[in-house]
Amino acid sequence: MTRGPRRTALVAASVTALSLTASGCVVVHGEREVLPAATRAEAAEALKEFTAAYNAADKAYDSSLDADRTTGALADIDGARLKAGKVNHPDGNPSHAPLELTDAKFTIPAKAGWPRWFLADTAANKGGDVRWLLVFTRDALDDPWEVAYLTLVSPDDVPEFKKDKDGWAEAVPANSADVAVAPGELSQKYTAYLKDGGDGFAEGPHTSGWRDTRKQKSVRPGLATQYIDEPLVNGDYAPLALRTADGGALVFFTTRHFEKQTAAAGASVPTPNEDVLALTSGEIGQSLTMQFVSNEVALDPADGPVDVLGRIQGLTSAKGE
């Protein structure tokens with residue numbers, strides 16, 4: 001696949017989603033039959049319901065309004081955004097503009113067991129000329145579809161997926177050994193790369209570019225910044241991967257990051273913006289430690305470096321000392 005130059009989307013961290021028609025088959029815990037996660041009509045309805053809930057929550061700055069439509073990394077990122085918004089604007093979002101997701105393309109894997117999940121690839125009226133990739137998941141037949149991952153990528157970076165004769169995609173297991181990095185290990189490999197570097201990841205804004213930015217910020221006159229990165233791999237943060245037509249995988253995964261700013265003796269940490277302050281406990285004096293959750297999407301080839309295509313990161317909490 002040939003991809004044009006990547007457009008780096010500098011999007012705010014919180015850009016601001018059944019019934020199975022399989023011959024009446026009843027899905028039970030431990031079932032082994034391979035079935036599509038959803039019909040295309042059901043996927044379209046899940047996207048519609050997510051968009052409505054997201055807009056209601058954004059308008060009111062009320063995370064309870066989309067709590068049953070988000071999970072994992074997106075729930076952490078957007079929940080914190082809504083919490084900060086409510087603190088600073090108790091009457092709701094004065095800048096609310098409804099999100100519109102259009103031109104939806106659904107990639108639905110056929111798989112056994114839970115969770116069931118699928119990918120919605122859409123255009124949007126926010127974020128510029130990028131594609132919004134939303135991964136919907138659920139753990140049981142009676143659960144609502146929730147969005148666990150939301151990333152934005154250039155249209156040229158969306159790969160072609162492997163599909164069977166009926167158009168269903170293939171989910172790549174977390175322990176798959178036929179890609180450069182097993183999807184289940186990608187979060188740990190990425191956080192190790194951010195700390196120590198190496199040759200396992202292709203250069204780009206979310207790899208070498210991010211490391212360079214950190215180096216520039218780490219030492220400034222009167223202020224030192226330290227970074228700690230942690231993988232998130234369990235439960236609703238588990239990676240999800242789709243087989244690409246070239247034999248690789250498109251992997252969605254989650255990481256957690258800490259950034260500690262420490263002022264020199266006799267100085268204090270610069271006062272952050274109102275959204276950071278709304279999520280900060282303690283009094284900011286000599287230091288401020290901020291916690292972020294980030295969700296990434298990467299092309300994991302059969303051989304060669306992993307290419308991180310997109311990342312959305314959001315502040316979830318902070319502590320002043």
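In the predicted model, alanine 224 stands opposite threonine 262 in strand 10. This pair belongs to the antiparallel pairing of strand 8 with strand 10 (residues 249-263), which extends over ten bridges. Strand 8 also pairs with strand 7 (residues 219-220), again in the antiparallel sense, here over two bridges. In this second pairing, arginine 220 has leucine 223 of strand 8 as its bridge partner. Strands 7 and 8 make up a hairpin in which two residues lie between the strands. Glycine 222, located in the turn, adopts a positive phi of about 80°.

Strand 8 (223-232) also takes part in the lining of the second largest pocket, to which it, helix 3 (186-196) and helix 4 (208-218) each contribute at least two residues. The space in this pocket amounts to about 210 Å³. Its lining consists of Thr191, Ala192, Leu194, Lys195, Arg211, Arg214, Lys215, Ser218, Thr225, Tyr227, Ile228 and Asp229. By class, five of the lining residues are charged, four are nonpolar and three are polar.

A separate description applies to the open sheet of four strands, arranged in the order 2-4-5-6 with antiparallel pairing. The edge positions are held by strand 2 (101-107) and strand 6 (146-153); each has a single partner strand, so one side of each is left without a neighbour in the sheet. On average, neighbouring strands of the sheet are turned by 25° against each other when direction is ignored. Within the sheet, strand 4 (residues 116-124) and strand 5 (residues 131-138) run antiparallel and are joined by seven bridges. Threonine 122 is placed opposite tryptophan 132 of strand 5. Helix 1 packs on this sheet and touches strand 2, strand 4, strand 5 and strand 6. The direction of helix 1 makes about 140° with that of strand 2.

Helix 1 (residues 40-60) is also in contact with helix 2 (residues 72-88); the two axes come within 9 Å and cross at roughly 30°. Because angles under 35 degrees count as roughly parallel, helix 1 is roughly parallel to helix 2. From helix 1, the contact involves Phe50, Tyr54, Ala57, Asp58 and Ala60. These residues meet Leu74, Asp78, Arg81, Leu82 and Lys86 of helix 2. The residues of this helix contact comprise six nonpolar and four charged ones, with no polar residue.

Most residues other than glycine have a negative phi, and most peptide bonds are trans. Tyrosine 61 is not a glycine, yet has a positive phi of about 50°. Tyrosine 61 is situated in the loop between helix 1 and helix 2. The peptide bond joining tryptophan 114 and proline 115 is cis, with omega about 0°. Proline 115 lies in the loop between strand 3 (110-111) and strand 4.

Terms used:
Residues numbered from 1 in each chain as written. Predicted model: local features only at pLDDT ≥ 70, side-chain atom pairs only at ≥ 80, totals over all residues. Heavy atoms only, no water. Axes fitted to C-alpha atoms, helices over the stretch in contact; angles between N-to-C directions. Parallel < 35°, antiparallel > 145°, perpendicular 65-115°, else oblique. Contact = heavy atoms within 4.5 Å. Nonpolar A, V, L, I, M, F, W, Y, C, P; charged D, E, K, R; others polar. 1 Å grid on protein atoms, 1.4 Å probe; cavity = no way out; pocket = protein on both sides within 12 Å on 5 of 7 lines; lining within 4 Å. Points joined across faces, edges and corners; volume = space filled by probe spheres on them. Pairing = 2+ DSSP bridges.
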